[in-house]
Amino acid sequence: MKKEHLLWVDDEIDLLRPHILFLEGKGYAVSTVTNGQDAIDLCKAEPFDLIFLDENMPGLSGLETLSRIKDLCPNTPVVMITKSEEENIMDMAIGSKIADYLIKPVNPNQILLTLKKNLHRRDIITEVANSGYLQEFGRIGMQINDSLTWQDWLGVYRKLVFWELELEGADGNMAEMLRAQKAEANAIFARFVRKNYLGWLARPEERPMMSPDLFRRKVFPLLDRGEKVFFIVIDNFRYDQWRVIRNELGGLFNIEEELYCGILPTATQYARNAIFSGLMPSQIAGMFPDLWVDEDEEEGKNLNEEPLIRTQLERFRRRCPFSYHKVNDSSACERLVAQFGSLRDTPLNVVVMNFIDIMSHARTESKMMRELASTEAAYRSITLSWFRHSAVKDLFALLAGSGFRVIVTTDHGSIRVDRPVKIIGDRNTNTNLRYKLGKNLSCGAKQVFEVKRPEEAMLPCPNVSTAYVFATGNDFFAYPNNYNYYSSYYKDTFQHGGVSMEEMIIPLAALQGKK
């Protein structure tokens with residue numbers, strides 16, 4: 001096993017001999033020099049894993065030496081060691097991108113700690129995470145099997161996402177254990193949904209908070225208190241993606257986070273229209289037929305969101321001016337930021353952001369996007385990069401200082417599918433890979449959730465014999481006559497519309513600016 005090679009630069013290096021011996025006893029190789037120029041020459045000749053650098057030396061000072069070393073090896077961590085505790089020296093050192101800062105006299109434990117932080121941090125974190133998940137594995141398994149209520153499942157999903165984020169980059173065995181446990185959880189969650197979903201709709205007072213409830217339960221009470229609201233729907237936004245973005249918002253907002261249940265199908269046409277109308281899909285189709293677009297119609301399925309919001313405000317007798325904005329690209333978000341001042345006096349502003357949904361579809365269709373988002377972690381990383389480097393972050397920064405209460409949520413999540421399931425339907429059957437509706441649907445898989453009477457699921461019924469079939473777990477539907485094509489083309493893509501924790505258990509956060 002290769003020893004980490006350290007360089008220690010100090011004009012009193014003889015006095016540090018006990019520290020050098022201590023590090024060599026811990027398995028490190030240590031080279032020493034007594035001045036900055038020798039350190040620079042040595043860095044030109046060979047690589048080092050970490051450099052200890054004295055700040056106060058004759059000739060080149062520590063900070064001058066640091067600048068030259070950073071030009072030569074910008075990625076090598078440098079630990080500055082000094083007798084001075086003056087704040088300006090600390091600021092200068094930190095501004096020069098040092099890895100750590102120690103005050104003389106240093107002791108062996110301080111040195112060992114800084115080495116662990118800078119050389120072994122990832123290994124230590126991974127080891128601790130692996131150990132922690134192994135200890136939790138059995139408890140999570142019991143919790144999955146004992147989950148009888150919606151609240152139980154929220155606890156299971158939160159734990160699984162926590163460990164998914166903690167184990168990011170873990171070894172293959174640990175990652176595979178987590179994937180298997182998540183698959184097991186989704187199989188049992190699907191049975192839970194099959195058993196309870198229709199009952200929830202028949203008895204609304206007993207159901208968890210669902211898509212049609214959001215305005216009534218989360219927006220209207222704020223408006224009643226005289227608060228101004230920005231309601232932001234990030235399409236196709238999973239809980240794990242929210243968790244990484246939440247870290248970016250923590251410095252700007254106080255955040256109250258919860259999870260709610262997306263309706264079936266977990267697709268934009270149904271779930272987002274349910275949010276904005278406050279109604280289930282069959283109710284929209286019955287009460288506002290001109291605002292509902294059936295699956296077989298070519299018209300865009302989400303063109304009526306603004307009038308649906310208006311119907312809900314009118315139905316609840318809310319005389320509330322509102323604005324509606326759909327953000328499909330960065331320029332649209334930049335325009336929204338530019339007109340922010342004109343929205344300050346509007347009580348309710350609704351924004352739909354489609355980037356993640358567009359990215360998900362692009363990943364299916366583009367080989368390059370599949371490479372960029374080849375894993376769940378990469379998918380989250382692209383989401384985080386979008387947030388950090390787009391005008392969306394500028395919008396949230398404005399909101400933090402504006403006095404608005406911000407509600408951030410989504411209409412549904414998505415799941416990475418890898419197992420094709422054969423289904424047969426007539427030529428009018430819809431194209432979604434996670435749910436099908438049509439006449440004479442035939443599917444051999446036992447694990448699907450079939451709704452033979454759409455009215456029980458409060459879904460439109462275009463024909464007397466229409467049924468809905470929802471894929472569960474990591475399954476996706478493929479037709480027998482094109483089975484091999486569908487299997488290879490859509491395997492390992494992110495899809496939505498069916499029954500899984502990732503699609504149905506989705507984030508809802510209330511943000512209050514700290515300013």
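Which residues of S16 lie on one side and which on the other, and are they buried or exposed? Thr466, Tyr468 and Phe470 lie on one side, Ala467 and Val469 on the other, and all are buried. The model is predicted: local features need pLDDT of at least 70, side-chain atom pairs count only at pLDDT 80 or more, and totals for chains, interfaces and linings use all residues. Residues are numbered from 1 along each chain as its sequence is written, and side-chain values use heavy atoms, with hydrogens and water left out.

View A. Five of the five residues of strand S16 (residues 466-470) are buried, so the strand is largely enclosed by the rest of the structure. Buried means under 20% relative accessible area, exposed over 50%, and partly exposed in between (1.4 Å probe, protein chains only). Strands (E, at least two residues) and helices (H or I, at least four) are DSSP runs numbered from the N terminus. S16 pairs in the antiparallel sense with strand S13 (residues 435-439) over five bridges, and with strand S15 (residues 449-451) over three bridges, also antiparallel; pairing requires that DSSP finds at least two bridges between two strands. Tyrosine 435 has phenylalanine 470 as its bridge partner, while valine 451 stands opposite tyrosine 468.

**View B. Aromatic pairs.** The whole structure contains 35 aromatic pairs. Rings of Phe, Tyr and Trp (its six-membered ring) pair if their centres lie within 6.5 Å; planes under 30 degrees apart count as stacked, over 60 as edge-to-face and the rest as tilted. Phenylalanine 215 and phenylalanine 231 form a tilted pair, 4.9 Å centre to centre with 55° between the planes. Phenylalanine 215 belongs to helix H9 (residues 214-224) and phenylalanine 231 to strand S6 (residues 229-234), 16 residues apart. Phenylalanine 215 is buried at 1% relative accessibility, and phenylalanine 231 is buried at 0%. Tyrosine 479 and tyrosine 486 form an edge-to-face pair, 6.0 Å centre to centre with 85° between the planes.

**View C. An aromatic cluster.** One aromatic cluster includes Tyr435, Phe449, Tyr468 and Phe470. Among its other members are Trp150, Trp153, Tyr270 and Trp292.

**View D. Charges over rings.** Arginine 318 lies over the face of phenylalanine 220, at 4.4 Å from the ring centre. Lysine 422 lies over the face of tyrosine 483, at 4.8 Å from the ring centre. The criterion is NZ of Lys or CZ of Arg within 6 Å of the ring centre and within 35 degrees of the ring normal.
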